[in-house]
Amino acid sequence: MRHFLRSTRSTWFKLMKATSRTKPTAEADIMPVLLVSVALGGTFLLARRRTDMTTASRISPRDMQYLCEGSSNLLCKAKSDGYVLQFKKDVCKDRTSQMIDLERHRLMQQFLARWFAGSNVSVPEILSVPASDVRAVDAHILASRSKAVRKERLDVGSDIRVMLLRREDLLSPACVSLEVTPGCGLQELQGIPSRHCMMYSESLLNPTQMQNDPNLQVFSADMAERSAGLAASLREKSDQHCLRTEMFGADGACFGLAGSARGDVEKFLQQVGLSVEEISKLGAQAIRPVLAPLQKLQAFAAGNAEKYAAEVFAALHNQGGQAAVDDLLDGLNDAKLIEAVVGKARAQRSSPNAIRVQQEQEAVKLLSHKWKSYQVEEAKRWLLRFLLGRASFQAKVLLNFYQESQGQTGPWAEQRFQRASELLPKEGWTSGWWVRATLVGIELNLDEIARSSAELETLVAKYKEVSPRPS
């Protein structure tokens, strides 16, 4: 993820961190998958009425706390229930496309909620609120915004009602949050480590990392293996560890950055009553339901698929022209089309290896014949599957850990939290702890076709250069 709230790297975290102080330069426009929401109801919403795509609601300006804004969007947090509302600014002129974008974001999360367990995906809700409510919020938060952007008011246009996105705050409630980037969970070549294990020079020079392959460890069916992979990453002092993790405290402190900050992880965990081993065990259990379906998506871009992708795309452009490329671009945000091209059978019955083999065979078939009109459509579907696989290589899992006080009760289960004692029934320390795992960061990008065309080949060549040869 890119910087847009000072120097920390996690997009969702930087937006949520703005609750404690104003950050007018925060970029809130990169939110189609991150900071996603679950519609669980709230005291600040009144007279809710559901339609096919939207929920009619009211919002109270006094309940809105300004968070941050980008060039087109502005975020506020509801004080009463902690949900985040995304407002459009009046710099956006095409309101029809705005509504389409909101619905696309929601539909993509709904697709992911069907592919993965629903408890591991957070789906945004589209609200339809009176324009008068938005004007009142606009006036209420004006003083909290930077003077440089106050002329850019919240968008109401001439409409009676305004569409907003309601998103779940993915850091609240949590004593500790851990963002894990599993990387590729597939061994694509026999006797060769996973691609993300080879991607970092530190890993190539570290025989222990290369032998254990932390990326494959975290995808293991063995809980002890998954836990060991997470623990090794949390203890790693270098920013070159192939299993990427970042840890955050409730106050916004980041303990998972490179170098000296890594040394604070164990000290911080002691303060909240956890150890590296304990949080790794609990995280390893909570992340498990995400991993198998994630591997299946990754299989669409594994092995030789990345070499074929550039050839299939070039053939698509030659055969179908710019119109076919434009259709492919539109398909990147079409959740219904993506779900159709993935196929239910592949999701439910096929192994990652079977998916990979079929994807490669279909590419070979496309490239070995002169195309007919229907094969243009087949090529677009093949490329959509490939791009979904590439997006899955960059997927992240956000783990929230929360300890309720004695006698405290809350709607934790409704907010997708699980009791730690149910995940680790034989561990005595889990009483009062809850954990939630949320998949974030899957976003399709056409640039991945060119970027990945020789990635695996290059990594393997680099690995063979530095790896010790048998005597």
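The following exercises, with worked solutions, concern a predicted model.

In this model, local features need pLDDT of at least 70 and side-chain atom pairs count only at pLDDT 80 or more, while totals for chains, interfaces and linings use all residues. Residues are numbered from 1 along each chain as its sequence is written, and side-chain values use heavy atoms, with hydrogens and water left out.

**Exercise 1.** Determine how the axes of helices α10 and α15 are placed relative to each other, and which residues make the contact.

*Solution.* Helices (H or I, at least four residues) and strands (E, at least two) are DSSP runs, numbered from the N terminus. Axes are lines fitted to C-alpha atoms, for helices over the stretch in contact, and angles run from 0 to 180 degrees between N-to-C directions. The axes of α10 (residues 276-298) and α15 (residues 373-393) come within 7 Å and cross at roughly 130°. Angles under 35 degrees count as roughly parallel, over 145 as roughly antiparallel, 65 to 115 as roughly perpendicular and the rest as oblique; α10 and α15 are therefore oblique to each other. Contact means heavy atoms within 4.5 Å. On α10 the contact involves Leu294, Leu297 and Gln298, and on α15 it involves Leu388, Gly389, Ser392 and Phe393.

**Exercise 2.** State the strand order of the open sheet of five strands and identify the strands at its edges.

*Solution.* Two strands pair if DSSP finds at least two bridges between them. The order is β9-β8-β10-β12-β11, with antiparallel pairing. The edges are β9 (244-249) and β11 (418-419); each has a single partner strand, so one side of each is left without a neighbour in the sheet. Between β11 and β12 (residues 433-440) there are two bridges, and Arg419 stands opposite Trp434 in β12.

**Exercise 3.** Describe which helices lie on the sheet, and at what angles.

*Solution.* Helix α9 (residues 264-271) touches β8 (176-181) and β9, its direction making about 40° with that of β9. Helix α10 lies across β8, β9, β10 (396-403) and β12, and runs at about 130° to β10.

**Exercise 4.** Is Ala284 buried or exposed, and which residues does Ala284 touch?

*Solution.* Ala284 is found in helix α10. Buried means under 20% relative accessible area, exposed over 50%, partly exposed in between (1.4 Å probe, protein chains only). Ala284 has 0% relative accessibility and therefore counts as buried. Leaving aside residues up to four places away in sequence, Ala284 touches Met223, Arg226, Ser227 and Leu230. Ala284 and Glu225 are 59 residues apart in sequence, yet 8.7 Å apart in space, C-alpha to C-alpha.
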